[in-house]
Amino acid sequence: MSKILHIISSPRGDRSASLTVAKAFLEAYRTRNPGDEVETLDLWNTNIPEFNGDTINGKYAILHGEKFTAAQETAWQAVAKLAGHFKSADKYVVSLPMWNFGIPYKLKHYIDVLVQPGLAFSYAPDTGYKGLITGKPLVAIYARGGAYGPGTGAEGYDAQSAYLKQILGFIGFTGIKEIFVEPTLQKADAVDRGQAAATELAATF
């Protein structure tokens, strides 16, 4: 039995295009894999640890091979708990809208806490950086009001999918599958087309 972690980063609920398509994907997946567990992580209803001074100093203590102070250790325990929960999944679905050409700040906050040395990546002077979360499939479902795909002339504005692929690749994810729900402000069938693509992709996830 596999565990899927669905990370929701839109606060719009049923009006969210990314969430609507993600639900279609998960419904199709459950039909084919009834024994698998699907856990939902709504970032708007999650207490994400602050990445404050004690946390960042704890990060550099790890990178420099130093011991934690008591405050750093407490802060780092919260980070490790979040990372442990993320890594407990076997598969991932991330649904996200485009905000100001990038990703919602709640998702950025979550990523900034997750991507830490010894938890999501390692570093050695002779080999450099190495992702620690490997061999796990992930589907990213992007919703955008405009069109930013190849041939649109607006490709350079897409810091949404570019950033997510970059940071996920850094921590070890390869072969990320993507569904683009666009342009939701211009074409009424954008969500319908996204749902169709999601249902098809779920058959091989």
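## Terms and basis

Buried means under 20% relative accessible area, exposed means over 50%, and partly exposed lies in between (1.4 Å probe, protein chains only). A salt bridge is a side-chain nitrogen of Lys or Arg within 4 Å of a carboxyl oxygen of Asp or Glu, and helices (H or I, at least four residues) and strands (E, at least two) are DSSP runs, numbered from the N terminus.

The model is predicted, so local features need pLDDT of at least 70 and side-chain atom pairs count only at pLDDT 80 or more, whereas totals for chains, interfaces and linings use all residues. Residues are numbered from 1 along each chain as its sequence is written, and side-chain values use heavy atoms, with hydrogens and water left out.

## A pair within helix H4

By the salt-bridge rule, the count comes to 7. One of them joins the side chains of Lys108 and Asp112, at 2.9 Å from N to O. These two residues are 4 residues apart in helix H4 (residues 105-114), which means that about one helical turn separates them. Lys108 is partly exposed at 32% relative accessible area, and Asp112 is partly exposed at 31%.

## A network around Arg144

Salt bridges link Arg144, Asp158 and Glu182 in a network. The side chains of Glu182 and Arg144 meet at 2.7 Å, N to O, and this pair links distant parts of the chain, 38 residues apart, with Glu182 in the loop between strand E7 (177-181) and helix H6 (190-202) and Arg144 in the loop between E6 and H5. Glu182 is buried, with a relative accessible area of 13%, and Arg144 counts as buried at 2%.

Arg144 also forms a salt bridge with Asp158, where the closest N and O atoms are 3.3 Å apart. Both residues lie in the loop between strand E6 (138-143) and helix H5 (159-170), so the pair ties together parts that are 14 residues apart in sequence. Asp158, like Arg144, is buried.
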